[in-house]
Amino acid sequence: MIIEGALVGAVVGTVIALFRLSLNKADLIRTDMVQQAVHGGRPLGLVTLALILIAVLLSLLLRFEPEISGSGIPQVEGELKGLGDQCWWKVLPAKLLGCTLAIGGGLSLGREGPSIQIGGMLGKACARLRHTSLTEERLLITCGAGAGLAAAFGAPLAGALFALEELHKNFSLEVLVPTMVATAVSDYVAVNIIGLTPVFDFGITHKLPLKLYWTVLVLGIILGAFGVFYNRTLAAMQDAFDFLGKAEKTPSRSTTFKMLCAMAMSFLFMFIKPEVLGSGSIMVAEISSGKFALGALATLLLLKFLFSTASFGSGSPGGIFLPLLVLGALTGGLYSRVLTSTLGVGQEYIACFVIMGMAGYFAAIVRAPITGIILITEMTGDFSTLLSLTFISVVAFMTADMMGGVPVYEQLLERRLKNKNLTPQEKAIVEIGRPETAGDSIQKERKIKASRGRERRAIIFGDVHTGSYMDGRQVMDLKLPPGALITSVRRGERELIPGGRTRLIGGDAIEVLCRRSDIGPAQRILDEKCHTLVVPEENRDGLILRVEKDHPEDSGK
């Protein structure tokens, strides 16, 4: 799969590089349009007409392919769990055009989520055109998604980590190597088209001294709480736009009305605070240079927060990655200004707080701290802040977790599933663990069996972590969904063909063959029983059960 991964990476790198160039051109056109309108050089009616036209086109694209709504990451994550089957040839053109129009129209959205979805669909296109198995298709979707993020941000390592940590949720070599090849090739192709300049082109001239690391702890707590508030505000904005859409009787008119509301907000901010339009990535370098005073940073933070959550809540195509990083940078810059004015902390450390603000806010919202640390490091091109980035990411992550916050992409995926007409198999995946009557269970099982004969099958990979529930237990104790089968257990250089009584031990790599509809349930069981550390049980004599690697039942056949 390495050659296929490289091919997908090359295609994705080319497409995303051209996508970035189109967004840059759209930003230039919008900036010129705003300046002309504000200074009276261009008729106000022409600007209004352009935004209305963008709103109508966006509504038509959303009616043509509803899966282009939002960032696209929940759609890819859902498909990898067996909860969807996107039409790649409809998603690709609609997403590319839709995002260009939405961001060009001024909405505070990012390119990273769309790039991940576009990359995933390009990987799926390669698989479908080659008539590969479902296992290879899922792997190429993962390769494409990681390559999309790598090309969007110039961050190949972060692209691979995000695809594995957030989407595929598996770090086996079968997935890791092709994905890293795809992200590396994608980044190489992209930089040859758009250049080597980092996304955030500023440096750290003064490292934060160790005696001020208590300020990192406080900032991490603030960012953790702010991240939970962001996710809840995002859900509230989606509810608000859904309520506005209900005023229209038909779905098509409802979508058009929501897009018109979004463009009306963009029109207002053209005259109130044009700095908050678009993703706002240019603002990060300005914040780190100390351009904005305390009051200006507070105003920008408030308006950018409201506009970015409202832009996403409208359902327009576009992501939240870049806007949330800008919000983190604003928070870090504001925090640095407060420390300077109250405690006399040197303003030369503002760039450090800006970078830490981005990493901590990302960890609190997305709950992928490793990806966040690597992403910020690659985007800034500065490796001198790894210690502080790690510290603040852990603090923000723990704070958000203790406050009961939900990772944003899980939240968005759950919302999409509630509003989607699911197949019987997909309902079975979503409803795992929900109470049901015996009659409901029998009826649902009949519906699933009636359509399962047409299902494709895939192999998913997992590792048995030392100290997990399955460390030392027999294969039969895993209790996979009916029809799912462990086909191979790799133990070091040996490969075992397991039976029900074969014992698994920490470090084993397992392959599970299952139906498409069982991917989600099987992955969930692997996460709970193979990947989660548990306190070891004791036998009747009070001795901890241990399993030797040379157990006679592990010899295989």
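In this predicted model, the side chains of Asp-85 and Arg-128 form a salt bridge, with a nitrogen-to-oxygen distance of 3.1 Å. Asp-85 belongs to the loop between α3 and α4 (88–104), whereas Arg-128 sits in helix α5, so the pair ties together parts that lie 43 residues apart in sequence. Arg-128 itself counts as partly exposed, at 29% relative accessibility.

Lys-124 is buried, with a relative accessible area of 0%. Glu-79 is likewise classed as buried, at 7% relative accessibility.

Across the whole structure, a search finds 18 salt bridges. One of them joins the side chains of Arg-416 and Glu-67, at 3.0 Å from N to O. Arg-416 is in helix α17 (residues 408–418) and Glu-67 is in the loop between α2 (44–64) and α3 (73–80), so this pair connects parts that are 349 residues apart in sequence. Arg-416 is partly exposed, with a relative accessible area of 26%, while Glu-67, at 18%, is buried.

| Salt bridge | Distance, N to O |
|---|---|
| Asp-85 and Arg-128 | 3.1 Å |
| Arg-416 and Glu-67 | 3.0 Å |

Just after α5 comes His-131, which takes a positive phi of about 55°.

Leu-325 is placed in helix α13 (residues 321–343). With a relative accessibility of 0%, Leu-325 counts as buried. Leaving aside residues up to four places away in sequence, Leu-325 touches Phe-200, Met-358, Phe-362, Ile-376 and Met-379. The C-alpha atoms of Leu-325 and Ser-281 are separated by 8.4 Å, although the two residues are 44 residues apart along the chain.

Leu-386 is found in helix α16 (residues 386–402). Leu-386 is partly exposed, with a relative accessible area of 34%. With residues up to four places away in sequence again set aside, Leu-386 touches Ile-373 and Thr-377. Ile-376, one of the residues that Leu-325 touches, is ten residues from Leu-386 in sequence and 9.6 Å from Leu-386 in space, C-alpha to C-alpha.

The strands form another part of the description. An open sheet of four strands has the order β1-β4-β2-β3, and its pairing is antiparallel. At the edges stand β1 (457–463) and β3 (494–496), each with a single partner strand, so one side of each is left without a neighbour in the sheet. From one strand to the next, the twist averages 20°. Strands of a sheet pair through backbone hydrogen bonds, in either a parallel or an antiparallel manner.

Within this sheet, strand β2 (residues 485–491) and strand β4 (residues 509–515) run antiparallel and are joined by five bridges. The bridge partner of Arg-490 in β4 is Ala-509.

The cysteines complete the account. A disulfide is a covalent bond between the sulfur atoms of two cysteines. The structure holds zero disulfides. Cys-87 counts as partly exposed, at 23% relative accessibility, whereas Cys-514 counts as buried, at 1%.

How values were computed. Residues numbered from 1 in each chain as written. Predicted model: local features only at pLDDT ≥ 70, side-chain atom pairs only at ≥ 80, totals over all residues. Heavy atoms only, no water. Helix = DSSP H or I, 4+ residues; strand = E, 2+ residues; numbered from the N terminus. Salt bridge = Lys/Arg side-chain N within 4 Å of Asp/Glu carboxyl O. Buried < 20%, exposed > 50% of the residue type's maximum accessible area, 1.4 Å probe, protein only. Contact = heavy atoms within 4.5 Å. Disulfide = S-S within 2.5 Å. Pairing = 2+ DSSP bridges. Axes fitted to C-alpha atoms, helices over the stretch in contact; angles between N-to-C directions.
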